[in-house]
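Thank you all for making time this morning. I would like to walk you slowly through one structure, so please have the sequence and the model open as I speak.

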Amino acid sequence: MSAVSEKLAAAREDLESRDGVLIAFSGGVDSSVVAALAHDALGDDAIACTAKSETLPAAELTDATRVAEEIGIRHEIVEFSELDSEEFIQNDDMRCYHCRSMRLGAMYDRARELDIDVVCDGTNASDVGEGHRPGLRAVEELDAYSPLLEHGIEKEEVREIAREYDLSVADKPSMACLSSRIPTGLEVTEERLSRVEKAERLLRTWGFEQFRVRDHDGLARIEVGEEELETALDPDFVRTARDHIEDCGFDHVTLDLHGYETGSVSPETEEPAEEEAEDVVSNVFDADYPSVD
């Protein structure tokens, strides 16, 4: 038996010992693997639950619903608003802590309604020690159970398990909530979240897979994966992006030549927080720059 198979068997056995679990379910690969494991171990006593709020793209909620059906697990949706929290809106370096606390709090509320004692999340063994991760503090404080972390299952092993379960999200890129597109210190507002979601929906429609649209107070900074950068540099795309993304509510559109980088506007890693928009412009390719036409 391989090391991954041993970890998988141990996690399944652990879940089987529970009377029932509710899984904080985003539809990403980590929570989908936990949901598949829990459904495998507990059947109808495992429930996937997705928290719907302004920071969750509508496309992600649709995906979560589809993946839950794929797994065959019961799927619940709870609604709440991070924008009810002044601490969250302020968008300091503990934003993810406030977000995760509220999101998991909504999960525990629904679990109590369903007479379930255990709430699981998708934290994996690779998440620990990745720099500034205040969301993990919320997981610890609320005593959520993380079977992937508990049994030492790392990210690549999660994807391997997802392929064993034939999950369609096995190779899905990570997708943080929309508030991660707003630089630390700039308030999170419904207007900013909405225009980021609209802009990213366009990039998805245009065929990009790994991307972010960062909102620097009206300046849209597009990041795409290195393998997609050549497509983004095409003059036709530049003109299309400039026109349509400005229509989403942005004043200006830029393309970051450094490409996609996790946490590039907030201290989610050990790297320095993103500079203000005026300083960022010096590091990006301006979609209005005449040399591309």
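Predicted model: local features only at pLDDT ≥ 70, side-chain atom pairs only at ≥ 80, totals over all residues.

**Leucine 114 and its surroundings**

If we set aside the neighbours within four places in sequence, leucine 114 is in contact, which here means heavy atoms within 4.5 Å, with Leu22, Ile47, Arg74 and Glu76. Residues are numbered from 1 along each chain as its sequence is written, and side-chain values use heavy atoms, with hydrogens and water left out.

Leucine 114 sits in the loop between helix 5 and strand 4, where helices (H or I, at least four residues) and strands (E, at least two) are DSSP runs, numbered from the N terminus. With 26% relative accessibility, leucine 114 counts as partly exposed; buried means under 20% relative accessible area, exposed over 50%, and partly exposed in between, with a 1.4 Å probe and protein chains only. Its C-alpha atom is separated by 9.7 Å from that of glycine 20, although leucine 114 and glycine 20 are 94 residues apart along the chain.

Aspartate 115 is also found in that loop, between helix 5 (95–113) and strand 4 (118–120). Aspartate 115 is not a glycine, and yet its phi is positive, at about 60 degrees; at 70% relative accessibility it counts as exposed.

Let me now step back to the chain as a whole. The chain holds 12 helices and 8 strands, and 53% of its 293 residues count as buried. If we take the contacts between residues at least 6 apart in sequence, 74% of them join residues at least 24 apart. The chain exposes about 13600 Å², of which carbon and sulfur atoms supply 44%, the areas coming from the Shrake-Rupley method with a 1.4 Å probe, where for residues only the protein chains shown count as cover.

I turn next to helix packing. Two packed helices are described by the angle between their axes and the distance between the axes. Axes here are lines fitted to C-alpha atoms, for helices over the stretch in contact, and angles run from 0 to 180 degrees between N-to-C directions.

Helix 2 (residues 29–42) packs against helix 8 (residues 155–164) at an angle of about 55 degrees, and the two axes are 9 Å apart. That angle makes helix 2 oblique to helix 8, since angles under 35 degrees count as roughly parallel, over 145 as roughly antiparallel, 65 to 115 as roughly perpendicular and the rest as oblique. On the helix 2 side, Val29, Asp30 and Val33 meet Lys155, Val158, Arg159, Ile161 and Ala162 of helix 8.

Helix 8 also has helix 1 (residues 3–16) as a partner, with axes that come within 11 Å and cross at roughly 75 degrees, so helix 1 and helix 8 are roughly perpendicular to each other. Val4, Lys7 and Leu8 of helix 1 make this contact with Glu157, Glu160, Ile161 and Glu164 of helix 8.

Staying with helix 1, alanine 9 lies there and counts as partly exposed at 28% relative accessibility. Alanine 9 and leucine 37 are 28 residues apart in sequence and, C-alpha to C-alpha, 9.5 Å apart in space.

Phi of aspartate 166 is positive, near 60 degrees, in a residue other than glycine.

Finally, the cysteines. With a disulfide taken as a pair of cysteine sulfur atoms within 2.5 Å, the count comes to 0 disulfides. Cysteine 99 is in no disulfide, and the nearest cysteine sulfur, that of cysteine 177, is 4.5 Å away, which is too far for a bond. Cysteine 99 is buried, with a relative accessible area of 9%, whereas cysteine 177 is partly exposed at 23%.
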